[in-house]
Amino acid sequence: MPADLPASGWRARAPLVALLLGFGLSRVIAVRCGLRFDTYPLGHFWQYLDPPLLRDHLLESVWYLHSQPPLFNLLLGVVLKLPFPPPALFAVLYLAIGLGLALTMDALMRRLGAAAWTAAGVTLLFAVSPPALYFEHFLFSEYPTMLLLCTAALALHRFLSTGRRRDGWAAFGLMAAVVLTRSLFQLPWLLAVVAGLALPATPAWRRAIAGAAAPAVIVIAAFCLRNLLLFGTASTSSWFGMNLMSSVDFAWPASERRGLVERGEVGPIVSVPAFSPVGQYRGVVALPPPTGIAVLDVESTESGSPNYNHAAYATVAPLYAHEALRLLASHPARYLHASAAAASLFFRPASDYEYFRDFRQRMPRWDALYRFGLYGQLTAGGPGVAGPAGFPLAVSAPNIGWFILLTTPLLLWLGLCRRRAAARRGDQAAAGTLAFIIVTIVYLMLVGTLLNIGENQRYRFMTEPFLFVLAAVAWSANRRRRRQAPPR
């Protein structure tokens, strides 16, 4: 029976029941191990607006938010305004996200041809993994973004199967929601997805894809234009320059950067590390005057952390971008070294994220089993993040998830093979959905290693469900091929 056709009877429902039971049991065990939802990021993390601003000036603060896309902070503000304890609401919300992610992964695998038990088993393998459990108990945007990506893939398959415009609007609308939630995803990603779907399609389907994608592209383009007019940055985040400068901070020691500034080879902004408090820029660059808007004027949050949405950061970010591009282009060897260090972090298990230290101590054996058995990490004893300039990559080699590093290109190649096979048999829904998955994985690999260094394993995790999907689809296709092969 084709994977996307409904079946009836207990045997047909058994894989889904097993998945739900396994998911529920794993969450009970996680609670017994001591995992509790952690709201520490709220009020402390750079990406979040100050809670008083979210509670008392939500719409104004989100409208003038230039450091991040708006949707996640809007969600935070809505929850803070509800008459219930925020930690409990966030815990329930993230549990629902985890369940929705598992169900969506399972449905996506089956639509792409995976056998029901294979889909349920591979989904459960991901859903009970330590990184999934940790992110489900941590107030950050990665987990909601993963659900949006998988739901977008499922909606895209439906659109390419039915041709209904409303299904297409839903698919590309979910992709737009990804862009408006997570700054790593920008308009070029959405355009690359549209191009990847339209180029191999027939003229009629190109028109259908263009019509379905147009509203999402227009919304994102309009939002970027609004940011350009208000803050001088044509993206959903003003942090590009500071993120790129992190590679310079890694590749050039502070003493060398100061020497470059003193010799006039670069601008004075290079002497100030990226993401410094506002006060450190005074006297170095001309800062904007007060605007009368709290979210742009307040220098520190309630907890004492810098307010990275201060108007000053929209001013210094382009300066950082200009100088970083000059330095990295003129010293490609140093840039390659920084990118290699970022890649060594990118391919580490996401459970290495520095804020998960307490979570790892709650379930050390389960964590170690996944680290070694599924991800191929030889040791977890090395540095959690890249160190100063000259950071020896050999130090990070044992901490790389070698199975992740080796299987990612293999799974991408198998995904391309399945996409070609689907296209040959006229299954445009499977071919297009696999193209979306592959484009997204490759995009995040490039952006997550070439433009920033620090928490790259966290970036990679957002596409880990897609790697599990590709593995299930390839496994099921291989089993079908072996069953159909004539006996020797």
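Start with the cysteines: the model holds zero disulfides, a disulfide being a pair of cysteine sulfur atoms within 2.5 Å. Select Cys150. It is buried, at 2% relative accessible area. Cys224 is buried too, at 7%. Buried means under 20% relative accessible area, exposed over 50%, and partly exposed in between (1.4 Å probe, protein chains only).

This is a predicted model, with residues numbered from 1 along each chain as its sequence is written. Local features need pLDDT of at least 70, side-chain atom pairs count only at pLDDT 80 or more, totals for chains, interfaces and linings use all residues, and side-chain values use heavy atoms, with hydrogens and water left out.

**The core**

Next, select Phe172, Phe185, Trp189 and Phe436. These have the most contacts inside the largest nonpolar core, which has 116 residues. Helix H8 (residues 142-162) gives the most to this core, with 13 residues. Such a core is a set of buried Ala, Val, Leu, Ile, Met, Phe, Trp, Tyr and Cys residues joined through side-chain atoms within 4.5 Å. Helices are DSSP runs (H or I, at least four residues), numbered from the N terminus.

Zoom in on Phe172. Beyond its neighbours within four places in sequence, its contacts (heavy atoms within 4.5 Å) include Leu156, Phe159, Leu190 and Ile209. A separate core of 33 residues includes Val266, Val278, Val285 and Ala338.

**Salt bridges**

Now show the charged side chains. The structure holds 17 salt bridges, each a side-chain nitrogen of Lys or Arg within 4 Å of a carboxyl oxygen of Asp or Glu.

Select Arg27 and Glu136. Their side chains form a salt bridge at 2.6 Å, N to O. Arg27 sits in helix H1 (residues 10-32) and Glu136 in helix H7 (residues 130-136), so the pair ties together parts 109 residues apart in sequence. Arg27 is buried at 8%, and Glu136 is buried at 2%.

Move to helix H5 (residues 86-111). Arg110 and Asp106 both lie there, four residues apart, about one turn of the helix. Their closest N and O atoms are 3.0 Å apart, in a salt bridge. Asp106 is buried at 3%, whereas Arg110 is partly exposed at 28%.

**A buried aspartate**

Select Asp367 in helix H18 (residues 364-374). With 4% relative accessibility, Asp367 counts as buried. Leaving out residues up to four places away in sequence, Asp367 touches Pro130, Tyr134, Ser351 and Arg360.

**The surface**

Finish with Val78 in helix H4. Val78 is partly exposed, at 40%. Helix H4 (residues 71-81) gives the most to the patch, three residues.

Methods
Helix = DSSP H or I, 4+ residues; strand = E, 2+ residues; numbered from the N terminus.
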